[in-house]
Amino acid sequence: MLYTIPDYYHEFSCIAGECEDTCCAGWQIVADEAALKKYKKVTGSFRKRLRRSINWKEGTFKQDKNKRCTFLNDENLCDMYTALGEKSLCRTCKMYPRHIEEFEDVREMTLSVSCPEVARILLGKKEPVRFLTYESNKEEEYDDFDPFLYSKLVDARTVMIDILQDRSKKLALRVGLVLAIAHDLQVRIKRDDIFSIDDVFEKYQTENAIQFVEAKLAKEEDYAFIMKMFQNQYLMERLRDDWEPHLLEAEQILYGESGCYTCDKKHPWAYTESREKTKAETDKKKYMKNRQEFHSWLKEQMPDYEIQCEQLLVYFISTYFCGAVYDGEAYVKVQMAVVSVLLIHELLMAQWLKNEKTLEMEDIVDTVYRYSRELEHSDPNLNLMEKLMRRDIVPWFNKS
Ligand code: SF4
């Protein structure tokens, strides 16, 4: 068995009560069978508390009205850990924020940026992320696993990460090239032409391809696309109650009385037919002006911001891309990575405007881990995001 980890993997250790948030609230923690068996056998003074704090039918820890795990105390420390020690924790609690993607004979281990401490480590890292591998003697076989497609996806991911980490190119160009590669790859996967995938890698190393992508990027208008991606978030399941008000506020700051296509109830400024076109134009102009100013501010005041975006893109692509071996959806996984970083960027721009045009590193950490929690800790949200990425292709691919 081959194991891979990013090079910052061992830098993490939980800061527990020092953490500005907690990973024991907002989502339902499911205990594994082995842990439940162990809990049934616990004796002593903690037994009673344990019996009444678990939903035995569902195998979950009960929560209070604020969706906090019933074992979490006011100091944000776990009472079960204190009473019974680390070994008593269920697999979910022991593992978090470690995340494992499983493939035949391969385990890809990452750390989830939904933990603020992980987000801080990743966003504070200046050097390109490297991936380390080690082997064990274990072997396993999966039914319906296509090792050839998997090996091509691994190659494609390496090429895309190399491009994303090529800091001699502008970030927008790197992103454009990666999307273009994923797009062409998808065409080949669809026509079951896996053998020709290597041609795609070669094609996007050429000067012609780079010029082609640059020209497309220069021509396209992205305002409507960004707004649509932002509003797509209202279609998602909510994990934290404070997320939707946060989105609504950011949306209003960014786009003004924008027309929401996802619903007509949630927004006081929702779209109506009678809405004046001129107002929409004014909102757009204001947005474009703010964006330009924000980008100049970032260049001057946060010179490492582009590196942080690169680290996030590499994080999303390294975590999810090879999952395409199970569903053949390589392109949507890359677009999900790009759109996620785009949305984090939009939320940060709103925060910058709200903070009277300034931003701290902690604002970035906060936005990244909160966004990641809503998306990455909900399977329905991850599935919906992929579905939306299939429907709403980055504009310049629709015209190719
Ligand atoms: S979110 Fe991260 S740092 Fe905070 S308590 Fe959980 S594992 Fe520890």
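Guide: Start with Phe103, which is buried, its relative accessible area being 0%. Keep in mind that this is a predicted model. Phe103 forms a stacked aromatic pair with Tyr326, with 5.8 Å centre to centre and 5 degrees between the planes. As for cover, Tyr326 is partly exposed, because its relative accessibility is 46%, whereas Phe103 is buried.

The two rings also belong to a cluster: ring pairs link Phe103 and Tyr326 with Tyr142, Phe145 and Tyr150. Searching the whole structure turns up 18 aromatic pairs.

Now for another of those pairs, Phe294 with Trp352. Their ring centres are 5.1 Å apart and the planes sit at 45 degrees, so this pair counts as tilted. Here too the pair links distant parts of the chain: Phe294 is in helix H12 (residues 277–301) and Trp352 is in helix H15 (residues 330–354), 58 residues apart. Both Phe294 and Trp352 are buried.

Back to the stretch of chain around the ring cluster, which includes Tyr142 and Phe145. Asp143 lies in the loop between strand E6 (131–135) and helix H6 (147–164). Asp143 counts as exposed because its relative accessibility is 73%, and exposed means over 50%. On the surface, Asp143 gathers with Glu139, Glu141 and Asp144 in a patch of negative charge.

Lys37, Lys40, Lys41, Arg47 and Arg51 gather on the surface as a patch of positive charge. Helix H1 (33–40) and helix H2 (47–53) are the elements that give two or more residues to the positive patch. Take Arg51, which is found in helix H2: Arg51 is partly exposed, because its relative accessible area is 36%.

Technical notes
Residues numbered from 1 in each chain as written. Predicted model: local features only at pLDDT ≥ 70, side-chain atom pairs only at ≥ 80, totals over all residues. Heavy atoms only, no water. Patch = residues over 30% accessible without salt bridge, like charges linked within 9 Å, V, L, I, M, F, W, Y side chains within 5 Å. Areas by Shrake-Rupley, 256 points an atom, 1.4 Å probe, with all protein chains shown as cover. Salt bridge = Lys/Arg side-chain N within 4 Å of Asp/Glu carboxyl O. Lys, Arg positive; Asp, Glu negative; His and termini not counted. Charge placed at Lys NZ, Arg CZ, Asp CG, Glu CD. Helix = DSSP H or I, 4+ residues; strand = E, 2+ residues; numbered from the N terminus. Buried < 20%, exposed > 50% of the residue type's maximum accessible area, 1.4 Å probe, protein only. Phe/Tyr/Trp six-rings, centres within 6.5 Å; stacked < 30°, edge-to-face > 60°.
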